[in-house]
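Here is a short briefing on one protein model. Keep the sequence and the 3D view open as you read.

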Amino acid sequence: MKNGTAVGLKGFLAEYGGLNFDNVVFRPRAPFTCSFGLVKRYRVLAGGKLEWGTPGIHFGVDRGASDCTFQGRSNGMFAPFDFYKSGWVADSAPFGTELWLHHAHGFSLRLCHMWPKDCAVIDTATAGAAITRKAFLGTIGANGVADGIHSHVELHSAGFTAGGSCALLDAILREKYYQAPDQEMDIHEVAKVYSECALTKGMPESQMVAAYRELREQKGITFLNRFKCVRRVNGKVVVYYSTEHLFDM
Ligand SMILES: [Zn+2]
């Protein structure tokens, strides 16, 4: 298994079209509707009622419906890379369903909200088998907590380094944004990111700072920068990355 060394990075970039990932096909021309990171979110109130408007973190990237068709499919999702293993979670709250795609370079994609009848690779994923690049995965849905059909895609590290990060994805971030991928933003930078998010524009800095402190101290979430976030749950480390910033997908 490769670990994202310089040679691994070079080969990966050559295969998928350089730092802009021009050869990656996922959801051609579908609009981005909710970005990764700090955004206005639903909050669960006592009794399970949802309230809109709390600042929080979105671990994935959402893309909505599009009227474009690609390879005869409308609102289809295609495998962006070659995956050596897959998985299917049939009943997941709040996501409805989860399709997992595991890459040999140490990262995984989690695609949520598909209706089982619309998943074209359900048998393959249930068996945990490989899925080839550009394969039709299925049509986006609104299963689980969703206000309309869309794709919610999370990019997780598979934990090949001590801190739980993916060496290959860190190497891409370094090349693309000239930024140390493990340097945590200070709280005022976090507030600045919030203030630039479409959904949290105009929110007072004190409210943004309080929201981030709550995420950090009560939920074990460290938002390193606008591309990457670390979450510690019961001694386990999960690192999330932005598919939009890394792969424009
Ligand atoms: Zn989402």
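Helix H4 (residues 187-196) packs on helix H5 (residues 205-219) at an angle of about 115°, and their axes are 9 Å apart. This is a predicted model.

**The H4 and H5 pair**

- Two packed helices are described by the angle between their axes and the distance between the axes.
- The angle here is about 115°, and angles of 65 to 115 degrees count as roughly perpendicular. H4 and H5 are therefore roughly perpendicular to each other.
- The crossing of H4 past H5 is right-handed.
- On the H4 side, the contact uses Ile187, Val190, Ala191 and Tyr194. On the H5 side, Glu205, Met208, Val209 and Tyr212 meet them.
- Sorted by class, the contact of H4 with H5 holds seven nonpolar residues, one charged residue and no polar ones.
- An α-helix has 3.6 residues a turn, so residues three or four places apart point the same way.

**The largest nonpolar core**

- How many residues does the largest nonpolar core have? It has 55.
- Leu99, Leu111, Leu168 and Leu169 have the most contacts inside this core.
- Which helix gives the most to this core? Helix H3 (residues 167-177) does, with six residues.
- Leucine 111 touches Met77, Leu99, Leu137, Ser151 and Val153, leaving aside residues up to four places away in sequence.

**Helix H3 and its end**

- Ala167, Leu168, Leu169, Asp170, Ala171, Ile172 and Leu173 are buried in H3.
- Glutamate 175 also lies in helix H3. Is glutamate 175 buried or exposed? Glutamate 175 is exposed, because it has 12 other C-beta atoms within 10 Å, and 12 or fewer counts as exposed.
- Glutamate 175 and leucine 19 are 156 residues apart in sequence. In space they are 8.0 Å apart, C-alpha to C-alpha.
- Tyrosine 178 follows H3 and has a positive phi, near 50°.

**Backbone geometry to check**

- Alanine 93 and proline 94 are joined by a cis peptide bond, with omega about 5°.
- Where is proline 94 found? Proline 94 is in the loop between strand E8 (85-92) and strand E9 (96-103).
- Phenylalanine 21 is not a glycine, yet its phi is positive, about 50°.
- Phenylalanine 21 is in the loop between helix H1 (6-16) and strand E1 (32-34). Phenylalanine 21 is buried, because 22 other C-beta atoms lie within 10 Å and the cut-off is 20 or more.
- Aspartate 248 is not a glycine either, and its phi is positive at about 55°.
- Aspartate 248 lies in the segment after helix H6 (243-247). With 13 other C-beta atoms within 10 Å, aspartate 248 is partly exposed.

**Threonine 33**

- Threonine 33 is in strand E1.
- Threonine 33 has 14 C-beta neighbours inside 10 Å, so it counts as partly exposed.
- Which residues does threonine 33 touch? Threonine 33 touches Asp62, Arg63, Gly64 and His150, not counting residues up to four places away in sequence.
- Threonine 33 and methionine 208 are 175 residues apart in sequence. Their C-alpha atoms are 21 Å apart in space. Methionine 208 is one of the H5 residues that meet H4.

**Arginine 231**

- Arginine 231 lies in strand E14 (residues 228-233).
- Arginine 231 counts as partly exposed, because it has 19 C-beta neighbours inside 10 Å and buried needs 20 or more.
- Arginine 231 touches Gly220, Ile221, Val238 and Tyr240, again not counting residues up to four places away in sequence.
- Arginine 231 and lysine 219 are 12 residues apart in sequence and 7.7 Å apart in space, C-alpha to C-alpha.

Terms used. Residues numbered from 1 in each chain as written. Predicted model: local features only at pLDDT ≥ 70, side-chain atom pairs only at ≥ 80, totals over all residues. Core = buried A, V, L, I, M, F, W, Y, C linked by C-beta atoms within 7 Å. Helix = DSSP H or I, 4+ residues; strand = E, 2+ residues; numbered from the N terminus. Contact = placed C-beta atoms within 7 Å. Axes fitted to C-alpha atoms, helices over the stretch in contact; angles between N-to-C directions. Parallel < 35°, antiparallel > 145°, perpendicular 65-115°, else oblique. Left-handed = near helix turned anticlockwise from the far one by under 90°. Nonpolar A, V, L, I, M, F, W, Y, C, P; charged D, E, K, R; others polar.
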